[in-house]
Amino acid sequence: MASESSVDDSYFDYCPWDFAQRASAAQHAAQTAHQKRLTDAGASVGPRCFVSPAAGVFTDVLCLGAGSYIAGHAYVTGEVRIGSDCTVNPYATVRGRVTLGDGVRIGAHTSLLGFNHGFAPDRPVHRQPLTSEGIVLGNDVWIGSNVVVLDGVTIGDHCVVGAGAVVTKDLAPWTIAAGNPARPLRDRRGRGGSRAGTPDGDLSEAVAGFAERARSQAADLLARCWSDDTGRYSDRPGAAASVRAHCDAVEISDLLLGVPPEQLTAAEHAERLRVLQDPVSGLVPELAPGGGPGELPPPAHDGWIEDGGAEYHVLSVGYALELLGSGFAHPVHAVGRMTAGQLVARLGTLPWRTQTWSAGAWVDCWATGAYRNHRLEAEAGGPGALEALFGWLGTRVDPWTGMWGAAASPAAGRLQLVNGYYRLTRGSFAQFGVPVPYPERVVDTVLAHAGDPRWFAAGRQNACNVLDVAHPLWLAGRQTGHRADEVRAWAVERLAQALGRWHDGAGFGFGPAGEGGSGPGRAPGLQGTEMWLAIIWLLADLAGVADGLGYRPRGVHRPEPVGSSAFALPDERPAR
């Protein structure tokens with residue numbers, strides 16, 4: 001750390017909060033002279049303030065309260081009234097009619113634009129008249145870096161706005177908001193972010209209580225599905241050992257306990273899974289009846305192997321190995337050997353009109369295999385194949401629904417359409433961090449499906465159907481606040497229902513079998529538990545109470561894109 005006498009003037013342009021303690025007498029004198037020039041021009045500057053000479057301050061009105069700072073390279077114009085103990089950080093822009101309360105922090109590169117101008121077609125834009133409704137920020141407000149606040153917005157006391165947000169509407173006091181456009185995520189007060197004694201506070205308490213209960217029972221839940229005789233996991237006692245059961249056990253333990261299941265060490269778990277991969281295709285078949293590696297069917301003419309279980313294992317085994325600090329032993333050759341032309345041809349033959357879920361599942365597997373190969377520094381696919389995937393999807397999405405596949409019908413509803421959308425976007429757009437097309441139409445389609453009693457009436461919901469609504473709503477909600485209140489209301493209702501489905505010592509059942517049902521049925525097991533834990537996080541985040549869970553999915557159902565994107569960042573390789 002430099003001594004006080006050696007601090008250069010430019011240091012305070014970027015760290016104005018240090019000026020009072022670290023500036024020399026000469027620097028204090030220079031700042032006093034600079035502030036006098038501002039006050040001589042009509043500004044009001046309180047005690048203990050700092051205004052960087054490197055800031056562009058060209059205001060008609062400037063009122064700066066005690067202990068406030070304007071850092072270097074900030075751009076401040078118009079009628080600006082700033083309370084006490086406020087900071088306008090480097091490169092921030094504050095223009096137009098802007099009023100800040102006390103204790104406000106404005107992050108670097110943020111823009112508060114308290115003015116606007118028209119764009120009517122009767123004249124060029126540069127000749128349009130200016131308007132100014134003004135921006136008002138209350139007390140104790142934190143605006144992150146690279147935020148844009150538009151004219152006419154009021155942000156209430158105690159709000160926090162996440163970095164990169166675009167605030168187009170008023171925010172109530174105590175709101176934590178983020179996104180483009182910004183949407184409320186939760187309330188700052190109380191456990192889980194909500195006030196105790198309010199409906200949100202009660203739900204937050206229920207979420208936190210559930211998480212503590214599940215965490216205390218996780219070890220017993222995993223132990224009941226482990227067989228010492230076979231050294232394998234089954235979905236539930238009495239069921240056959242399976243690859244997915246082992247992966248589900250790893251994910252559940254990671255979510256609730258933060259460590260691998262205690263039946264084996266992390267290295268032993270990883271080795272059990274790694275040896276199952278077929279070195280020729282790179283896929284992982286289901287276990288043979290004896291619990292050892294199974295066999296795959298012969299590949300099709302394009303080199304792809306049609307096996308639904310093996311396709312899903314590209315997801316489940318790959319993510320389980322990542323959670324264990326490991327990875328596949330071999331590239332997914334079935335993906336890496338497919339040329340862009342073969343990929344486009346295969347996409348055209350998928351059953352989009354009749355079995356949209358199967359088509360989406362195939363895309364999920366192929367895209368995840370491309371990501372796995374990228375992790376191994378192998379070919380994600382033939383040259384241009386990954387780009388061809390997104391190009392094909394981008395030109396065939398339905399702008400009326402935001403989705404791919406068959407339209408809704410009275411007999412089938414939107415089940416195939418929405419469930420296929422989840423699988424497709426999970427492995428492609430969500431996994432690689434690519435924005436989904438037509439997010440508002442996606443929300444419309446999903447909410448219409450979510451009201452279908454055939455799949456969502458009490459006693460008829462399964463994990464697959466609820467997940468396939470929750471994830472698209474969460475994903476589209478990263479891009480739009482369209483119908484946000486309805487989305488939140490749906491999530492709150494489903495979350496309250498889901499929390500009551502837990503079976504002590506056994507976890508969650510997948511859901512009803514029969515009409516509208518699939519999977520292992522109502523009996524509690526590893527698959528149902530892994531899926532419902534992820535669903536509960538998605539619902540809780542949509543409801544604004546996810547903090548109370550104390551976990552965030554990191555495997556198949558992780559909310560964030562994977563680390564380095566093979567599509568967007570082809571020259572960067574993640575650490576192995």
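**Entry 1: Arg423**

I looked up Arg423 and found it buried, with a relative accessible area of 8%. Buried means under 20% relative accessible area, exposed over 50%, and partly exposed in between (1.4 Å probe, protein chains only).

I noted that this is a predicted model, where local features need pLDDT of at least 70, side-chain atom pairs count only at pLDDT 80 or more, and totals for chains, interfaces and linings use all residues. Residues are numbered from 1 along each chain as its sequence is written, and side-chain values use heavy atoms, with hydrogens and water left out.

Arg423 sits in helix H12 (residues 415-432). Helices (H or I, at least four residues) and strands (E, at least two) are DSSP runs numbered from the N terminus. Leaving aside neighbours within four places in sequence, I listed the contacts of Arg423 (heavy atoms within 4.5 Å): Tyr312, Leu315, Trp357, Gly360, Ala361 and Asp364.

**Entry 2: salt bridges**

Which side chain meets that of Arg423 in a salt bridge? I found Asp364, at 2.7 Å, N to O. Arg423 lies in helix H12 and Asp364 in helix H10 (residues 356-375), so the pair ties together parts that are 59 residues apart in sequence. Both residues are buried.

A salt bridge here is a side-chain nitrogen of Lys or Arg within 4 Å of a carboxyl oxygen of Asp or Glu. I searched the whole structure and got 18 salt bridges.

I then checked Asp504 and Arg213, whose closest N and O atoms are 2.9 Å apart in a salt bridge. Asp504 is in the loop between helix H16 (484-499) and H17, and Arg213 is in helix H4 (residues 199-223), so this pair ties together parts 291 residues apart in sequence. Asp504 is exposed at 52%, while Arg213 is partly exposed at 35%.

Lys36 forms a salt bridge with Asp40, with 3.0 Å between the closest N and O atoms. The two are four residues apart in helix H3 (residues 25-40), which means about one helical turn separates them.

**Entry 3: nonpolar cores**

I looked for nonpolar cores (sets of buried Ala, Val, Leu, Ile, Met, Phe, Trp, Tyr and Cys residues joined through side-chain atoms within 4.5 Å). The largest has 121 residues, and Phe210, Trp366 and Leu495 have the most contacts inside it. Helix H17 (residues 526-543) gives the largest share of this core, 12 residues. A second, separate core has 38 residues, including Cys49 and Val153.
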